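Student: Could you take me through one part of this model close up? I'd like to hear how the pieces sit against each other.

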2 protein chains.
Amino acid sequence: MSNHYSSAPSAYAYPLIIKQLLNRAKTVSTEQEIIYADKMRMSYADFFKRIAKLANVLDGLNLAHGDVVAVMDWDSHRYLESYFAVPMSQYVIQTVNIRLSPEKILYTINHAKPKVLMVNSEFAPLVKDYQFENSSIEHIIWLDDNGVSYEGVFGGNESRVIGEYEALLEQASDEFEFQDFDENTIASTFYTSGTTGDPKGVFFSHRQLVLHTLTEAASLGVLPSKQGVSFGDVYMPMTPMFHVHAWGFPFTATMIGLKQVYPGRYAPDTLMDLILNEKVSITHCVPTILQMVLGEAHKRGVDFAGLKMIIGGSRLTEGLAKAALASNIEVYTGYGMSETAPLISLSKFSTAEPEMSEEEDISRRCMTGNPVMMVDAQIWNDSDKALPHDGKQTGELVLRAPWLTQSYFKNDDAGRELWEGGYMHTADIAYMTPAGTIKITDRLKDVIKSGGEWISSLEIETILSLHPSVADVAVIGVRDEKWGERPIAAIILKPNHKDTTADDIKAVAEQAVEKGMIPKYGVPSEFKFVDELPKTSVGKHDKKAMRELFADQTGI
Amino acid sequence: MSNHYSSAPSAYAYPLIIKQLLNRAKTVSTEQEIIYADKMRMSYADFFKRIAKLANVLDGLNLAHGDVVAVMDWDSHRYLESYFAVPMSQYVIQTVNIRLSPEKILYTINHAKPKVLMVNSEFAPLVKDYQFENSSIEHIIWLDDNGVSYEGVFGGNESRVIGEYEALLEQASDEFEFQDFDENTIASTFYTSGTTGDPKGVFFSHRQLVLHTLTEAASLGVLPSKQGVSFGDVYMPMTPMFHVHAWGFPFTATMIGLKQVYPGRYAPDTLMDLILNEKVSITHCVPTILQMVLGEAHKRGVDFAGLKMIIGGSRLTEGLAKAALASNIEVYTGYGMSETAPLISLSKFSTAEPEMSEEEDISRRCMTGNPVMMVDAQIWNDSDKALPHDGKQTGELVLRAPWLTQSYFKNDDAGRELWEGGYMHTADIAYMTPAGTIKITDRLKDVIKSGGEWISSLEIETILSLHPSVADVAVIGVRDEKWGERPIAAIILKPNHKDTTADDIKAVAEQAVEKGMIPKYGVPSEFKFVDELPKTSVGKHDKKAMRELFADQTGI
C-alpha cells in the first residue's frame, strides 16, 4: 500500500547531514559570539564565513571524498571550524588524541591514513622525527598562536606544508556551496585505547552525529534550567575536543546557537578567568579537571555562580560532588564512552522534585544516571538474557542507540565482539534500579582510567615483568580522589632478589615513558611487594579481589 | 574510501521508527501517570501493556502492512494508544477531523480507504447513514464512555463491528513483539481543508515523526523551564488529537515520560477542573480555546499558576496575550500547519533576557517566532529568490525540514505545486527580522481560519452566488477576538433585487449547512451589501484590499 504515498518530484528528502545543524543558527544566531581564550572573538556570522573559507582551502588540495583530515590541536575556534568544514566537505575528521603516548599517537595516524594533518606548533617536537615520506600525509596545515614558524620542523618534508591556518583562511573566499550527500557518509573517526593492544578506531556517520546532537539537546534541554541547557547559557568545553567530540557539545551548542568559549590548552588560571569573565554557565569534564578548577577558585576566594557541570569519563565521588556543590557548581553525572559518541545517560532533575536529603541528592548526582531518549539500555547476564531492574542483579550493560560505532576501523574481530548478540557491549558491569537509574559497579576488561585517559594494565604488567627481579606482577586501578583511578603494581619478587626496591622497578616504567611506549600517567603510583597474588578458579589473576584488597591500603 | 568503514555483522542499524520513542520511558517512567478526564487513570507500565493489547486486537483482523486504521474520537487514552499501536504494527493511522462538514468527513474516509474504523459512540448520528457496504471499512471498533450500545447504529452492517474497545483489550494478550522495519514506512495521514476544493491528504513516515518528536523536545527543552518543557511538567492537549498529531505533543510527552492528561471533548469546566486538579503545566491551543478557559477562570475567580501555553493555528493578538498573562498564563506563539507535522517556529525566551518593556515582551509573544532547529526557513520573492532578513521585505515563507509532507495523497498536481522549486510553500506571506523572527503578514490563498478550522472562501462564495439576487459576492476573513477570524460576505445585488435582505442570503448558507456541505462555522457572520468590489489589475477580487477595507467596519 505504501507506494500510494508518492513524493512530489522536487520534494526535499532532507538528509541528516551536519550542515543541517546550522539551519537555525544561520537565521537566528548570527550576532552570537564564539571566543578563543584571550586570543580571538568572532560572531556566528563570521564563523559561518570561516567554515566556507576552510572548505575552500581544503577544496584546493584535490582530495577525494572520504579522505581523512587529522587535527592535532588544543580546544580552539580552529577545531570548531574543522568539526563542520571537514565533514561538510565529505572528508572524515580524525580528532587525534594527543594525550596518548607518542608511539600510540603515531600509530593512530598511520592507521587512519590522513591525507591532511592540521597540527598545532606546540606539537612540533612530537612530529619532528615522524617519517612523513613514508606516510599518507600529503598536506600539512600549521596551527599557531605564538608566532612559531614551521621552518625546520619538517626537514625535507617542508614542501608538504601549505601554510599557516589563519593566513590560508585570509586568502580564501568566504562562499562555498556545501552539497547534499548520503547521510550514512562517515564524518568522524578517532581512537580508543580502552583495552589491551593497539588503539582501536571508532567512526561515526553524519546521520549518527545529527541524531546524537538532537538527542543531546533534547536530553539536556528537558532538565530544569538550573541543571540543563537553555537559551542564554554560555558553553565552554573542559573535556578536550579530541575526546569523543568533546561530548558532542560543540555540535549541540552551535545548533542551539549558544555563546561558546574555547579555552585552548587547559590551565587552571585560564579556565577560571574564562569562566568568570565570559560568564560560562555550562561545561563538562573529568573529576581531575573539576579538582583543578576548585583548587584555583579556593586560591582566589571565588565561587562558581551556579555553573552547570557534567562529569563524565570517571566516576564522580560523593566527596568531590559535595565540594563542588559547596562552591556553587551544579555538578552531576553523564555516562558514555568513545564507542557511544558518547551520550548514553544523565542524572535526572525535575521541576517537581520529590523531597530528598542532601545525602540522597548527592548520591543521585554520583550515580551513572538514566538512559537518555532513544537509548535502549539493558543489563545482560552471562547468557545474554536481560536482567530485571531490581537495583540488585548485576550484569554487563549493553546498548542500542542511533549513534553507536558500528564496528572498529579495519578490525572486524573486535567489531564482531563489540556487537555480539545485536547489542553493543560496554564491558561495564552494572545494575539498574526500578526507576531506571544505572549504577556501574565494576569493569569487565582489565583497564584503568586515570584523569580521563585509559591505561592498559596488561601493557604495564608486560613492561614491569621485564625487570629481572620480578617473578609475577599485577597492575590494578585503585580509587584516587584526584585522578579518578591510579594504577598500583603488586609484585612478587624472585627468591634471590628480595633486596630489589620499588625505585628499581619504577625505573623500568620510566624508561618505557622516555621511549614513548607508555604515557607518563601509566607509571604506577605505588609498587607493593607481596608474597602471593589472589587467583581465580582458572588460575588467572583475580583483579576484582585485588581491587577490593588494595582499595583501603594504599597511600594514594 | 567510506567502504573501509564496514559495520559488524550484528551491529544494530537503528531504524527511526515510532517504537524507539518508548525506549527511555520503558526504563525510566513506568510509574508515571496517564489520565483520561475523570474516567480513567493508569501508569505508563499499564499503557505499554495496552499498546500491546491493541496491537494484538488489530493483529486478529488479517490486515496487510500499510492498511489504514481511521480513528474518530475526542482526546482520550484510546487515541494515545492508537498513536503508537497502529503505526508500530505497520498500519497507517488516519486521524479523522470530526470538525469538518459531515460531507467532507465522509470524503476523507472514502479517500483514505481505511480497513478499520475506530469510532466514538458520540458520532453515531454521523455514520448512521454511511454506506458501509460500498466502503473500504471492513471492521469497526466501538469507542464508548457512556454505556451506549452499537446496536441499531450500523443497520445491516452491524456484523462489521468487532466489539467495544475496552472489552476487546481486556481479552487480548498484553505481550506483542513489535518488529523493526523501514523507517520510511508511512505512519499517519490526515486531511487539510486549507484551500479550495476537496480536502487534501498529508502523510508522514515513521522517520519524520521521530525527527519531529526529537526536535520538538529539543526546541521546547532549551526554552527556560518557565516557558519550555522540563521533567516534572504535566501535559494536556487543548488542540485536538485529530489536528496535526495534537502538535506532536503526545509523542513528545511520552518520549520524555511526562504525566499526561487527556480531556475528552473540550468543555470549559472539564478543562479547568483538569488544569487545577491534575496541576497541568503545559498545553497548546487556538486563541478561541484560550478565551474559553479564561472565561471559565474568571467565573471561578482562579488563576493559572504559571501554566505554559503555546498558541497556534491562529494569530495570538496582543490583547488576548495580555489577558492571559494577567491570569498567570505563560502564553506564546508556535507556528506550523498540517503539511509541516506541524512544528516550524516558536517564540524565544532566554535565561539571560535582554531588558524589554511589557509591550516588547507581549509583541515578542505574538510574533510568529524563530524557526526551530533543523528548519531551513526562507522568504522568497515572486522569482523564487531568497529575500534578506531586514524586517521589511515580504514574500512567501518557504521551508525545508525533516518532517514535511512529501506530497498530497493521490493528488500529484497539488503536491508538485506544494514543492515547487524544492522548498515547501506555506502560502503565507511574511518577513523575517535580522534576529530571525518570522512575522506573517498575509495569506497567498483565499482561505479563512475560524476557531482553528479552515474555511474556503471560494466555496462559501459559490454557495451564496446561487441566490437569484446575487450579482457578485466576495467572502473575506476579518479579525475576530473570539474566533481568530470570521468570514464576512460582501455582496452586489442585481439591479432589480435591491429589497433582498441579509437574512435571505444567510438562509442559503444555512441550507448548505443542513445538507452537510459546509460546517456551521462557514456561515458568514455578516452580510454587507455594496455597490462595487475592489478588483486587482487582472480583474480578480482584490481580497487584500477588501480585508483592509472591512477590517475596521465590521460589527463582529
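Tutor: Domain 1 of chain A covers 18–346 and domain 2 covers 447–551, with bounds that come from an automatic or database domain assignment. Before going on: this is a predicted model, where local features need pLDDT of at least 70, side-chain atom pairs count only at pLDDT 80 or more, and totals for chains, interfaces and linings use all residues. Residues are numbered from 1 along each chain as its sequence is written, while chains are lettered from A and ligands numbered from 1 in the order in which they are written.

Back to the contact: domain 1 of chain A puts in 19 residues and domain 2 of chain A puts in 18, where two residues touch if their C-beta atoms, placed from the backbone, lie within 7 Å. On the domain 1 side, α4 (102–112), α10 (287–300) and α11 (318–326) of chain A each supply at least two residues; helices here are DSSP runs (H or I, at least four residues), numbered from the N terminus. The biggest giver on that side is α10(A), with three residues. By type, the domain 1 side that touches domain 2 of chain A has five nonpolar, 11 polar and three charged residues.

Conventions:
Ala, Val, Leu, Ile, Met, Phe, Trp, Tyr, Cys and Pro count as nonpolar, Asp, Glu, Lys and Arg as charged, and the others, Gly among them, as polar.
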